[in-house]
Amino acid sequence: MATIQPKVEEPAGDELRLVHAAKAGDISAFEELVKRYDRNVFRIAQHITQNREDAEDVVQDAFLKAYQNLANFQEQSKFYTWLVRIAVNEALMRLRRRRPERMVSLDEDIKTEEDSMPREVADWAPNPEQLYSQGELKEILGKTIQGLPTSFRTVFVLRDVEGLSTEETADALDLSIPAVKSRLLRARLQLRERLSKYFKNRVGGDGKQ
Amino acid sequence: MTCSEFLKELTDYLDGAMDAQTKAELEDHLQWCHNCYVVCNTTKMTIEVYRESHLYELPEELRGKLRSAILKKCKCGGESKGQS
């Protein structure tokens, strides 16, 4: 079975050139960095906050904060990883503000024996894309990922949607590598379990609920 | 290899982050365990469907508005830029 391929990355040297120019006060170089990563930051922010307005605010605040603190960026990690760290913190802050009654932390590690044990073992056929329209599919995927604990959702989005490596995800979230791997496995398995409800192969049925 | 042992290695297997011997053991398990084969296949599809879904895309119009707002704030807040 083929493995999941990571996303193609921009050359680091080019990014560093833009960072150096922005640090020296070249606003157009910073604008280039905004253009390069604004879609990613928006996606991450909306995945975490589950709220469009909050995601818009996070994009603005994260880039502004990055700009104001560029001089403190030590260049030990990639600029993008550093930016993601800022954006995740901004998004979590907004989520806490909106849901003060719920614990929102990346340290939460809800551990139950059964949360990751597969119960649904029917294969998916035909492909989800053949079974649902794009709009229906987006609704199912959005609803399903919303149900995950914040810490699992955040790790899944950075690793599997945005294509950060395990090390970069650990760095951006201030988690250990084993913690990232454990959350990622459980996030993947929980999403798979929940999506099976919609995508599983049903002999004689149309697969829809 | 048991199914629980297989599950523990699933993430590294899907990411291709393992040595050749462990990979061979996992693939041997997949040959005869239908349940693990299905779990592995549908987990891979889970990742792919999210990666390709374009969920939460930033519309171009909003993108332009946000970029203008960011640059305006950066220019205004330039003097509070942090120093190392």
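Is Asp14(A) buried, partly exposed or exposed? Asp14(A) is partly exposed, as its relative accessible area is 23%. Here buried stands for under 20% relative accessible area, exposed for over 50%, and partly exposed for what lies in between, using a 1.4 Å probe and protein chains only.

Before going on, a word on how to read this model. It is a predicted model, in which local features need pLDDT of at least 70 and side-chain atom pairs count only at pLDDT 80 or more, while totals for chains, interfaces and linings use all residues. Residues are numbered from 1 along each chain as its sequence is written, chains are lettered from A and ligands numbered from 1 in the order in which they are written, and side-chain values use heavy atoms, with hydrogens and water left out.

Back to Asp14(A). Its side chain meets that of Arg17(A) in a salt bridge, with 3.1 Å from N to O. The term salt bridge refers to a side-chain nitrogen of Lys or Arg within 4 Å of a carboxyl oxygen of Asp or Glu. Side chains of opposite charge can pair when their charged atoms come close. Asp14(A) and Arg17(A) are separated by about one helical turn because they are 3 residues apart in helix 1 (residues 12-23) of chain A. Helices here are DSSP runs (H or I, at least four residues), and strands are too (E, at least two), numbered from the N terminus. Over all chains, the search finds 24 salt bridges.

Asn51(A) sits in the loop between helix 2 (27-49) and helix 3, and at 18% relative accessibility Asn51(A) counts as buried. A polar atom of the Asn51(A) side chain lies 3.1 Å from the backbone nitrogen of Glu53(A). Leaving aside neighbours within four places in sequence, Asn51(A) is in contact (heavy atoms within 4.5 Å) with Gln46(A) and Arg98(A). Asp57(A) lies in helix 3 (residues 52-68) of chain A, and this residue is partly exposed, with a relative accessible area of 30%. Between Asp57(A) and Arg159(A) there are 102 residues of separation in sequence and 23 Å in space, C-alpha to C-alpha. Thr166(A) belongs to helix 8 (residues 166-173) of chain A and counts as buried at 13% relative accessibility.

Now for the meeting of the two chains. The size of an interface is often given as the accessible area lost when the parts come together. Chain B and chain A bury about 5500 Å² between them, 64% of it on carbon and sulfur atoms; this buried area is the accessible area (1.4 Å probe) that two parts lose on being put together, summed over both. Chain A brings 61 residues to the contact and chain B brings 52 residues.

How many salt bridges does the rule find across the interface of chain B and chain A? There are 7 salt bridges. One of them links Arg39(A) to Glu60(B), with the closest N and O atoms 3.3 Å apart. Helix 1 (3-14), helix 3 (34-51) and helix 4 (60-76) of chain B each supply at least two residues of the side that touches chain A. Helix 3 of chain B gives the most to that side, with 16 residues.

Arg63(B) forms a salt bridge with Asp38(A), the closest N and O atoms being 2.8 Å apart. Arg63(B) lies in helix 4 of chain B and Asp38(A) in helix 2 of chain A, so this pair joins two chains. Arg63(B) counts as buried at 8% relative accessibility, and Asp38(A) counts as buried at 2%. Arg63(B) also forms a salt bridge with Glu60(B), where the closest N and O atoms are 3.4 Å apart. Together, Asp38(A), Arg39(A), Glu60(B) and Arg63(B) are linked in a network of salt bridges.

Notes
A polar contact is a pair of N or O atoms within 3.5 Å; within protein, one must be able to donate a hydrogen and the other to accept it, and residues adjacent in sequence count only if both atoms are side-chain atoms.
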